[in-house]
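Please open the structure in your viewer and keep the selection tool at hand.

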Amino acid sequence: MSAHCQLTGARPGFGNTVSHSHRRTSRRFDPNIQRKRYWLASEGRHVRLTLSARAIKTVDAIGVEAAVARIRARGEKV
């Protein structure tokens with residue numbers, strides 16, 4: 001599973017881990033990605049979306065139909 005959100009476009013951030021001795025090593029900040037299945041009533045089928053935890057809350061607020069419309073507007077396949 002790629003670490004990006006279909007709704008918000010959240011992708012990993014990159015930075016450094018700084019130790020006590022102040023040495024720096026590369027690290028990656030991954031978004032909290034979940035795969036979630038929603039019923040899409042307009043098409044009469046389930047859709048499986050790869051969403052961040054924040055995007056799941058957005059879908060709960062705006063509804064799955066509006067969320068899928070936004071995802072398709074971004075050019076993502078659903």
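Begin with the largest nonpolar core, which has 15 residues. A nonpolar core is a set of buried Ala, Val, Leu, Ile, Met, Phe, Trp, Tyr and Cys residues joined through side-chain atoms within 4.5 Å; buried means under 20% relative accessible area, exposed over 50%, and partly exposed in between (1.4 Å probe, protein chains only). Select Leu 7, Tyr 38, Leu 51 and Val 59, the residues with the most contacts inside this core. At least two core residues come from each of S3, S4, helix H1 (53–62) and H2, and H2 gives the most, with four residues. Helices (H or I, at least four residues) and strands (E, at least two) are DSSP runs, numbered from the N terminus. In soluble globular proteins, nonpolar side chains tend to be buried together.

The model is predicted: local features need pLDDT of at least 70, side-chain atom pairs count only at pLDDT 80 or more, and totals for chains, interfaces and linings use all residues. Residues are numbered from 1 along each chain as its sequence is written, and side-chain values use heavy atoms, with hydrogens and water left out.

Next, keep Tyr 38 selected and display its surroundings. Which residues does Tyr 38 touch, not counting those up to four places away in sequence? Among them are His 46, Val 47, Leu 49, Ile 56, Asp 60 and Val 64; a contact means heavy atoms within 4.5 Å.

Select Arg 45 together with Glu 43: they form a salt bridge, the closest N and O atoms being 2.7 Å apart. A salt bridge is a side-chain nitrogen of Lys or Arg within 4 Å of a carboxyl oxygen of Asp or Glu. Arg 72 counts as partly exposed because its relative accessibility is 38%.

Finally, move to strand S1 (residues 13–18) and strand S2 (residues 24–29), which pair in the antiparallel sense over six bridges. Two strands pair if DSSP finds at least two bridges between them. Select Val 18 and find Arg 24 of S2 opposite. Five residues separate S1 and S2 in this hairpin, and His 22 in the turn has a positive phi of about 75°.
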